[in-house]
Amino acid sequence: LTSSSSILASIWVFAAVAAVDQPNATGTWVWETPGRDGQTRKSTLVLKQDGEKLAGKMKSPRGELEIQDGKVKKDVVSFSVKRESQRGKMNANYQGKLADDTIKGTMAVSFGDRAMTRAWVAKRAVTVTGTWGWSMESDDGQTWEATLTLKQEGETVTGHFSRDDSD
């Protein structure tokens, strides 16, 4: 009985550690794609992971699209986006391995009777959204508390600064 209890406890600890080590795709991801005109196009992907389900939106110079068929299995992320234009239907399937703050894989695009596959590397975007607090002490020993609350949407940052002047 003691050895089976130890084995069960070990399995439980191993499972808990394994769950913590699973990468999470939730966040904002950015990458650049070379265009036909020699310019690079920046794309942004905002993802929310819920277990193996993945939802989100992809933003590019051509607009914003909901991702479809989003999945995360272990460390593999996959999703697709579809777009219709005057020139026809475009379907892009993304698949990549998630490690730390990088998703590295392939993007397979079909447009009419044309198809291509290229490497795809997305990096987790750094955001300043949050509440930042600190205290400052003057030479005479007086202490001030301050709070900075920021919200980042794309490249725009807004916020509010407040300082406790009660002392």
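How many salt bridges does the count come to? Taking a salt bridge as a side-chain nitrogen of Lys or Arg within 4 Å of a carboxyl oxygen of Asp or Glu, the count comes to five. The model is a predicted one, in which local features need pLDDT of at least 70 and side-chain atom pairs count only at pLDDT 80 or more, while totals for chains, interfaces and linings use all residues. Residues are numbered from 1 along each chain as its sequence is written, and side-chain values use heavy atoms, with hydrogens and water left out.

Start with the charged cluster. Lys57, Lys59, Glu64 and Glu66 are joined up in a network of salt bridges. Within it, Glu64 pairs with Lys57 at 3.3 Å, N to O, and also with Lys59 at 4.0 Å, N to O. For exposure, buried means under 20% relative accessible area, exposed means over 50%, and partly exposed is in between (1.4 Å probe, protein chains only). On that scale Glu64 is partly exposed at 44%, Lys57 is partly exposed at 34%, and Lys59 is partly exposed at 39%.

Another pair sits elsewhere in the chain: Arg124 and Asp101 form a salt bridge, with their closest N and O atoms 2.8 Å apart. Arg124 belongs to strand β9 (residues 114–124) and Asp101 to the loop between β7 (88–99) and β8 (102–111), so this pair ties together parts that are 23 residues apart in sequence. Strands here are DSSP runs (E, at least two residues), numbered from the N terminus. Both partners are partly exposed, Arg124 at 24% and Asp101 at 43%.

Then there is Arg83, which goes without such a partner. Arg83 lies in strand β6 (residues 76–85) and is buried, yet has no salt bridge. With Lys and Arg counted as positive and Asp and Glu as negative (His and the chain ends are not counted), the nearest side chain of opposite charge to Arg83 is Glu64, 10 Å away. What does Arg83 touch instead? Leaving aside neighbours within four places in sequence, its contacts (heavy atoms within 4.5 Å) are Ser60, Arg62, Gly63, Leu65, Gly88, Lys89 and Met90.

Finally, a word on the backbone. Most residues other than glycine have a negative phi. Asp69, though not a glycine, has a positive phi of about 55°; Asp69 is found in strand β5 (residues 68–73) and is exposed at 51%. Asp100 also has a positive phi, near 55°. Asp100 is placed in the loop between β7 and β8, and is exposed at 72%.

Notes
Helices (H or I, at least four residues) and strands (E, at least two) are DSSP runs, numbered from the N terminus.
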